[in-house]
Amino acid sequence: MERIPILRLGDYLIVTIQVDMHDRLAITLQDDLTERIVKESAKGVLIDISALDVVDSFIGRMISNTAAMAMVLDAQTVVVGMQPSVAITLVELGLTLSGVRTALNIEKGMALLKQRQPR
Amino acid sequence: MNTPEQARLADVLGQHRDTLLAEWLRLHLPVALRRGLAMEGEIREQFSAFLNIFLDTLPEANTFDWSHPEWEPVRDFLAEMSAHRARQGYTPIETATFVFSLKEPLYARLREAFSHSPAEFAEVSWKVSLLLDGFGLYTTEVFQKSRDAIIARQQEELLELSTPVVQLWEGVLALPLIGTLDSARTQVVMESLLQKIVDTGAGLAVIDITGVPTVDTLVAQHLLKTVAAARLMGADCIISGIRPQIAQTIVHLGVDLTNVTTKSTLADAFVIALQRLGATITMPKAAA
């Protein structure tokens, strides 16, 4: 069964989405992520979508939900690497990805996570 | 060459090629020169080139139908000439009249050649008339098409021209918008802004709307879309250049700008941007 690898960098987890997401993969990712957040007391999650040329409403919703789950576990989520065409599509679709902060690249994403706002 | 009348026609006209040209020029060169849009040499060249290609194709073509593939050399010549004249500034009527004017010297020749048979003369001159009418109208069509192409290209250039994205400072971009913001331009604006954000890694974008004459709900929507898209790429937006009337319109329309910083001038917006970057601005004290 394929899984999306989750890497750890200090107190943060990094997830790079490189393949097309389907239902089972998304659920598996959410399972794995929530487990790891608890197990390693992660303070934040970085989701890297720089490899995605196309983002549909399913992935948009999946990212929003994952961020919400992480927030419940007191970990902030930052999405990085959004391509311009993807940003335009999300705006046209009206998917605001509320509750999810975004940054241009991993460096800026980590900086954002480190200036963590208190709950 | 099938019909004997076509053969006869080609024969007659071929023989009198030079006389035809001379008479055509005599009758219509002054008219063509009157506009002063082209040199005499060039105009003479056009007259003679058209006559030649017409007379050369006539014996080969088996039909008087101008749209037939056999008349393609003449159509190609006319298409090029029509586009050329459009660029020079001639009206489509002038270009079509150029073709129609060939009828006068042609009929003179034909009347002479068919003087023994008025019925045959009527038949041939009718067919030639239809042929030249077709060509004249064809030039009008080509003229239209080339004008349309020019307009389309200018529209594209306008779109390109009016959406520059400039870097004001390291990490601060400025997007001065000039003119109305419709869906097509918004698309271009969004794309250039987002690409520049990627290229420079900027975290702040100042969208200046001093040059946008009116802001209605559609324009406001487009602006907010652009702000949302930039935010998804990790850049915050400040909208500046809001005139008093625009401020009133925005409130009356109920546009929600609570998540967007707005300033009335680009200068103020720039200062805010620098402050957000953590910079402080100090002015040297004037010498006492």
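1. Which strands of chain B does helix 9 of chain B lie across? Helix 9 lies across strand 3 and strand 4 of chain B, and runs at about 150 degrees to strand 4 of chain B, where axes are lines fitted to C-alpha atoms, for helices over the stretch in contact, and angles run from 0 to 180 degrees between N-to-C directions. Helices (H or I, at least four residues) and strands (E, at least two) are DSSP runs, numbered from the N terminus.

2. This is a predicted model, in which local features need pLDDT of at least 70 and side-chain atom pairs count only at pLDDT 80 or more, while totals for chains, interfaces and linings use all residues. Residues are numbered from 1 along each chain as its sequence is written, and chains are lettered from A and ligands numbered from 1 in the order in which they are written.

3. Chain B holds an open sheet of five strands in the order 1-2-3-4-5, with mixed pairing; two strands pair if DSSP finds at least two bridges between them. Strand 1 (166-169) and strand 5 (261-262) of chain B are the edge strands, each pairing on one side only. Strand 4 (residues 236-240) of chain B runs parallel to strand 5 of chain B and is joined to it by two bridges.

4. Between the chains, 14 residues of chain B are in contact with 12 residues of chain A, contact requiring C-beta atoms, placed from the backbone, to lie within 7 Å. Helix 8 of chain B gives the most to the side of chain B that touches chain A, with six residues.

Note on methods: Contact = placed C-beta atoms within 7 Å.
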